[in-house]
Amino acid sequence: MRTTVVHVEIDPPGGDDSLVVRWRLEGEAAAVDVATGTSVDHLDHRHQVTVPAGETSWRVPRAPHSRIFVSVACHQGGPALVAAERRIPFEAVTNFRDLGGYRTRSGRRIRWGRVFRSDALHGMTEGDVRMYDDLGLTAVYDLRSDVEIAENPDPMPSRHLPMLSRPAGDNVAGAFDGATSEDGERLLAGIYIGQINHAATTIGELFSALAEPDGLPAVFHCHAGKDRTGLVAALLLEALGVERDAILDDYELTARYRLRAQQDQTFERMMKLGLAPEAAAGVLTAPRWAMRSALEYLDREYGNVEHYLTGPAAMERSDLGRLSAELLTA
């Protein structure tokens, strides 16, 4: 059997000057060619090194605050597999991530550079704006509340799609009396389930917009890029057929990229709502079990994500099919 590259990933950088690329082969150990470029097309990439058989990683250079794509192919021939650093290396926006590259159960992959998830965009520097422009995005979807948008509006035109976790006007902390971090995590899991129940039409509207002829590339975001954005990303990956463990891995990445200093304002707001400090700290985490329980709830209540999206989310089945066609490789 011919050896092929079946998986490539890039580790989060330890600094701004290099990245570690790792790969996995199917078949016998073989030398691989590593190439880099500024686009997803491996034909435009420049050969960097031929790595001897038995090696499964290599460090590649990059300029600070720049994004590169890496392609890996067997030296003796075969298709190249492309990967990129998942986080876009903005200076002030720390949780802006490409959802490309994830493999589906059918063996297809999500196209790089087509759909992104992010935290709030209002703090972008001039350099960030230039890098943002290079992404060529056609749409921005803001999942925040009216109050959040008034306080920190996006620096570019965006479409407002507020994600509700409860009926309008309800206080999420109103009847909550938990005092521990674990209590905070349980509140978070309840928020995700509430979003499934109360934001279905918003989610359907967003996914239908992404499926429009000019709907991509696009980014959706909230304040931290963790909860409202996290649930939307999880449901999108689920709809595209990504394995559940990979979906939960993506959810947990926020804990790596969201800075503690960025959470202080949210922590103070939750304290004012009446949460105990330990419980508020629990809400700020990204516990794998919380998102898993929300997706398991969706399975129990709606059967699967397709039934949910074409049911309470009011998506047309044709839009769901078009979304998959636009986002998945052949």
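In what order do the 5 strands of the open sheet with mixed pairing run? Let's start there and then move on to the helices.

## Ground rules

This is a predicted model, where local features need pLDDT of at least 70 and side-chain atom pairs count only at pLDDT 80 or more, while totals for chains, interfaces and linings use all residues. Residues are numbered from 1 along each chain as its sequence is written, and side-chain values use heavy atoms, with hydrogens and water left out.

## The mixed sheet

The order is β8-β9-β12-β10-β11, in an open sheet whose pairing is mixed. Strands here are DSSP runs of E with at least two residues, helices are runs of H or I with at least four, and both are numbered from the N terminus. Two strands pair if DSSP finds at least two bridges between them.

The edges belong to β8 and β11 (159-160); each has a single partner strand, so one side of each has no neighbour in the sheet. Inside the sheet order, strand β10 (residues 139-142) runs parallel to β12, and 4 bridges join the two. If you want one to look at, A139 has A218 in β12 as its bridge partner.

## The antiparallel sheet

There's another open sheet, this one of 4 strands with antiparallel pairing, in the order β4-β3-β6-β7. Its edge strands are β4 (46-51) and β7 (81-84), each with a single partner strand, so one side of each is left without a neighbour in the sheet. From one strand to the next, the twist averages 25 degrees.

Strand β6 (residues 69-74) and β7 run antiparallel and are joined by 4 bridges.

## Helix α10 and its two contacts

Helix α10 (residues 288-302) meets helix α6 (residues 244-252), with the axes coming within 9 Å and crossing at roughly 135 degrees. Axes are lines fitted to C-alpha atoms, for helices over the stretch in contact, and angles run from 0 to 180 degrees between N-to-C directions. The two helices are therefore oblique to each other (under 35 degrees counts as roughly parallel, over 145 as roughly antiparallel, 65 to 115 as roughly perpendicular and the rest as oblique). On the α6 side, the contact residues are R244, D245, I247, L248, D249, Y251 and E252, and they meet R288, M291, R292, L295, E296 and D299 in α10; contact means heavy atoms within 4.5 Å. By class, this contact of α6 with α10 has 8 charged, 5 nonpolar and no polar residues (Ala, Val, Leu, Ile, Met, Phe, Trp, Tyr, Cys and Pro count as nonpolar, Asp, Glu, Lys and Arg as charged, and the others, Gly among them, as polar).

Helix α3 (residues 181-198) also crosses α10, with the axes within 9 Å and at roughly 35 degrees. That crossing of α3 and α10 is right-handed. Among the α3 residues in the contact are Y192, I193 and I196, and among those in α10 are W289, Y297 and Y302. The α3 and α10 contact divides into 11 nonpolar, 2 polar and 2 charged residues.

## Helices α4 and α5

The axes of α4 and helix α5 (residues 228-239) come within 11 Å and cross at roughly 60 degrees, which makes α4 oblique to α5. The crossing of α4 and α5 is right-handed. Here I203, L206 and F207 in α4 meet L231, V232, L235 and L236 in α5. The class count for α4 with α5 is 7 nonpolar, no polar and no charged residues.

The structure holds 4 aromatic pairs. In one of them, the rings of F96 and F116 have centres 5.5 Å apart and planes at 50 degrees, so the pair is tilted. Rings of Phe, Tyr and Trp (its six-membered ring) pair if their centres lie within 6.5 Å, with planes under 30 degrees apart counted as stacked, over 60 as edge-to-face and the rest as tilted. F96 sits in the loop between β7 and β8 (97-98), and F116 in strand β9 (residues 115-118), 20 residues apart.

Now for the backbone: most residues other than glycine have a negative phi, and most peptide bonds are trans. L216 and P217 are joined by a cis peptide bond, with omega about 0 degrees, and P217 lies in the loop between α4 (200-210) and β12 (218-221). A314 has a positive phi, near 60 degrees, and is found in the loop between α11 (305-310) and α12 (317-327).

Key
Left-handed = near helix turned anticlockwise from the far one by under 90°.
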